[in-house]
Amino acid sequence: MANASILEIEKKFEMGVYPKRDISLVRGRGSLVWDADGKEYVDFTSGIGIAILGHAHPKIAEAVSRQAATLLTCNESFGNDERAKLLERLASLWQSATSTSGKVFLCNSGTEAIEAAIKLARAKTGRKGLVAAMNAFHGRSTGSLALTFKPKYRERFEPLIGPVARVRYNDVESLRAAVNADTAAVFLEVIQGEGGIRPATAEYLKAAREICTQAGALLVIDEIQTGCARTGKFFAFEHYGIAPDACTLAKGLGGGVPIGALIAREEACAFKPLEHGSTFGGNPLVCASANAALDAMDAEHILAQARENGEWLMGRLRSLSSRHPCIIEVRGQGLMLALELKVESKPILQAAQANGLLVLSAGEMVVRLLPPLNTPRPVFEKALSILDSVLP
Ligand SMILES: *Cc1c(COP(=O)(O)O)cnc(C)c1O
């Protein structure tokens, strides 16, 4: 099937919530993907930060097909070898990042991890209030949507759960004023992703930690986009020397398959049996894929690659900005980078795509780059030369 006929079917039968580009992707390998008409692209979207190790990684492909032929499903009322391995691993990553012991709830997406965090915070504190930042994105189901900032995502679905206090990001006083004796949890991204790749300042996250501790509220860090080595540490909060009470993971965690996780400090784990759960959560297929991805991350020194490639790419983007006055700022960390422009990003995305490079936006004037963390240098060079040719 050709690009156009695939899209025609999707347009006809999907509910129309996704604005579509005019190509259909049918194959990938490493940092490259191919459309249905056979055209090759450098993929700096990673499916929105999902394919941290690129597409069709042989170790992940092998683990998924092996597990599919072994045991696809096993609900949480039974133990499972792949699940046990993943739980132990996530708890150990949490332990080394926070020096506290942690426990894990496995689910199937980012928004579900946030839902679990909201319930956990209410169960732990017996309070209702939630605090989130302006320009935050935490998901689109009716719990997490209450924390997501963009009014156009929320308005037609209100009333959502609350009360939710919205604070200015990176503004300590705004946070201090919003947190009180009814606050169950404060939700923050370390780098606001959908909000335009805006990093938190160190003072802000440190103050958030103190404010939450004093008020007896949980500090929940949403690592759904920043986590899993994207910024050069497994959890982005590790750059800041703080330990949250809980954090959420999803996008990169499964190496491409749908998965989410809530990890929390042991003392914050207040769920009683059956107060929360998920039919597909912790299924052997996604756990095997996540285990293979975590193995490959170690074997390929992915943390170092994300840091080194990130610093190198940041430098190259900065030199690009000296040639293109439409670039106002280059920001981000590791391989979560963005160009803030004086012009709209959409035509740049389209021109890049026409020239063989897929990139994302993050707001109207921001081009967002989320390349696979193990992208080879020649592929980075190719992407840079395409950006150079399409930026005004
Ligand atoms: C993508 C994202 C979510 C939502 O994840 P879904 O899997 O789409 O539900 C939540 N928070 C952040 C920071 C994200 O980037």
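A polar contact here is a pair of N or O atoms within 3.5 Å; within protein, one must be able to donate a hydrogen and the other to accept it, and residues adjacent in sequence count only if both atoms are side-chain atoms. Please keep in mind that this is a predicted model, in which local features need pLDDT of at least 70 and side-chain atom pairs count only at pLDDT 80 or more, while totals for chains, interfaces and linings use all residues. Residues are numbered from 1 along each chain as its sequence is written, and side-chain values use heavy atoms, with hydrogens and water left out.

View A. Start with Gly110, where a backbone N or O atom lies 2.8 Å from an oxygen atom of the ligand. Thr111 likewise places a backbone N or O atom 2.8 Å from a ligand oxygen. At Phe137, a polar backbone atom is 3.2 Å from a nitrogen atom of the ligand. The ligand taken alone exposes 380 Å², and the protein buries 80% of that (accessible areas come from the Shrake-Rupley method with a 1.4 Å probe; for residues, only the protein chains shown count as cover).

**View B. The shell around the ligand.** Ser109, Gly110, Thr111, Phe137, His138, Gly139, Glu189, Asp222, Ile224, Gln225 and Lys251 surround the ligand, each with a heavy atom within 4 Å of it. By class, this shell holds two nonpolar, six polar and three charged residues. In this grouping Ala, Val, Leu, Ile, Met, Phe, Trp, Tyr, Cys and Pro count as nonpolar, Asp, Glu, Lys and Arg as charged, and the others, Gly among them, as polar.

**View C. Cis peptide bonds in a loop.** Glu158 and Pro159 are joined by a cis peptide bond with omega about 10 degrees. Pro159 sits in the loop between helix 6 (151-154) and strand 6 (164-167). Helices (H or I, at least four residues) and strands (E, at least two) are DSSP runs, numbered from the N terminus. The loop between helix 6 and strand 6 is also the place of Pro163, and the peptide bond from Gly162 to Pro163 is cis, with omega near 0 degrees.

**View D. Positive phi at Ser99.** Ser99, a residue other than glycine, has a positive phi near 55 degrees. Look for Ser99 in the loop between helix 4 (81-98) and strand 4 (102-107). Ser99 is exposed, with a relative accessible area of 63% (buried means under 20%, exposed over 50%, partly exposed in between, with a 1.4 Å probe and protein chains only).

**View E. Positive phi at His301.** Phi of His301, again not a glycine, is positive and near 45 degrees. His301 belongs to the loop between helix 9 (284-299) and helix 10 (302-323). With a relative accessible area of 56%, His301 is exposed.
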